[in-house]
Amino acid sequence: SKGRNQKYAYYHCNHCKKYRVPAQQMNDDILRHIRQIRPCKAVLDLYEAERAVDAFEYAIAIDKNYSSAYYELSLAHEQLGHIGEAATALTRALDCALERADVFRALGQLFMRHENFDTALLYLHKAFDERPEDADTVADIGLCQLFQRRSCGLCLLLCAYAHSWHKLLGLYHSLPFQFFLC
């Protein structure tokens, strides 16, 4: 539109041509709405995980023996849902200075979180063979067997007691792993 001294920009309805809004007002409204847009936490988490994958892969490219980077890389891959890549990163950590028991336990926990209980038990037993005094690994094995068999609450209680006694007494290979009969 043209005023007395200058032109004024408007947006108008293409259908009826009767409704008009000053361009500056419409632009301000659109910018205000755009500034209010916030990504949800899930989107931000995925973005951070993607950035973490890139950062840890870069760190590993610089130093192949950067053992904790493999573990962190596996967590980032798992967060993105790339379970195979997460397991590969943990397996590559075996070549570094990380203790084998820690890597096997992390692999067992990874597969347990994704309900692959047979593979989880395989790695958890390997962790136990490497470090039999680790009570937390014993508890993980018991929990994995519980989830695998979808056992009752009594088995969970037995697992908790076995974990406590193992930790208190420092039992090594004396804990029977197949005591869940439900």
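A salt bridge is counted here when a side-chain nitrogen of Lys or Arg lies within 4 Å of a carboxyl oxygen of Asp or Glu. The structure is a predicted model, in which local features need pLDDT of at least 70 and side-chain atom pairs count only at pLDDT 80 or more, while totals for chains, interfaces and linings use all residues. Residues are numbered from 1 along each chain as its sequence is written, and side-chain values use heavy atoms, with hydrogens and water left out.

**Exercise 1. Confidence and fold**

Task: state which helix has the lowest confidence and which the highest, and list the order of the elements from the N terminus on.

Solution. Begin with pLDDT, the predictor's confidence in each residue, from 0 to 100. Its mean over the chain is 76, and 77% of the residues reach 70 or more. Confidence is lowest in helix H8 (residues 153-169), with a mean of 52, and highest in helix H4 (residues 83-93), with 87. Over residues 165-182 the pLDDT is below 50, although this stretch has 40 contacts in the model beyond near neighbours in sequence, a contact being heavy atoms within 4.5 Å. Where pLDDT is low, the predicted coordinates should not be read in detail.

Next, take the elements, which are DSSP runs numbered from the N terminus, with helices (H or I) of at least four residues and strands (E) of at least two. The chain has eight helices and two strands, in the order β-β-α-α-α-α-α-α-α-α. Among contacts between residues at least 6 apart in sequence, 47% join residues at least 24 apart.

**Exercise 2. Burial and a nonpolar patch**

Task: find what share of the residues is buried, and determine which residues make the nonpolar surface patch.

Solution. A residue is buried under 20% relative accessible area, exposed over 50%, and partly exposed in between (1.4 Å probe, protein chains only). By this criterion, 32% of the 182 residues in the chain are buried. The chain exposes about 12,200 Å², of which carbon and sulfur atoms supply 56%; the areas come from the Shrake-Rupley method with a 1.4 Å probe, and for residues only the protein chains shown count as cover.

A patch consists of residues with over 30% relative accessible area and no salt bridge, like charges being joined within 9 Å and nonpolar side chains (Val, Leu, Ile, Met, Phe, Trp, Tyr) within 5 Å. Ile30, Leu31, Ile34 and Ile37 make a nonpolar patch of about 370 Å². Within this group, Ile30 lies in helix H1 (residues 23-36) and is partly exposed, at a relative accessible area of 41%.

**Exercise 3. Salt bridges**

Solution. First, Asp45 pairs with Lys41, the closest N and O atoms being 3.1 Å apart. Both lie in helix H2 (residues 41-62), four residues apart, about one turn of the helix; Asp45 is partly exposed at 26% relative accessibility, whereas Lys41 is exposed at 60%.

Second, Glu48 pairs with Arg51, with closest N and O atoms 3.3 Å apart. Because these residues are three apart in helix H2, about one helical turn separates them.

Third, the side chains of Glu78 and Arg113 meet at 2.7 Å, N to O. Glu78 is buried at 13% relative accessible area, while Arg113 is partly exposed at 48%. Elsewhere, salt bridges that share partners join Glu99, Asp102 and Arg131 into one network.
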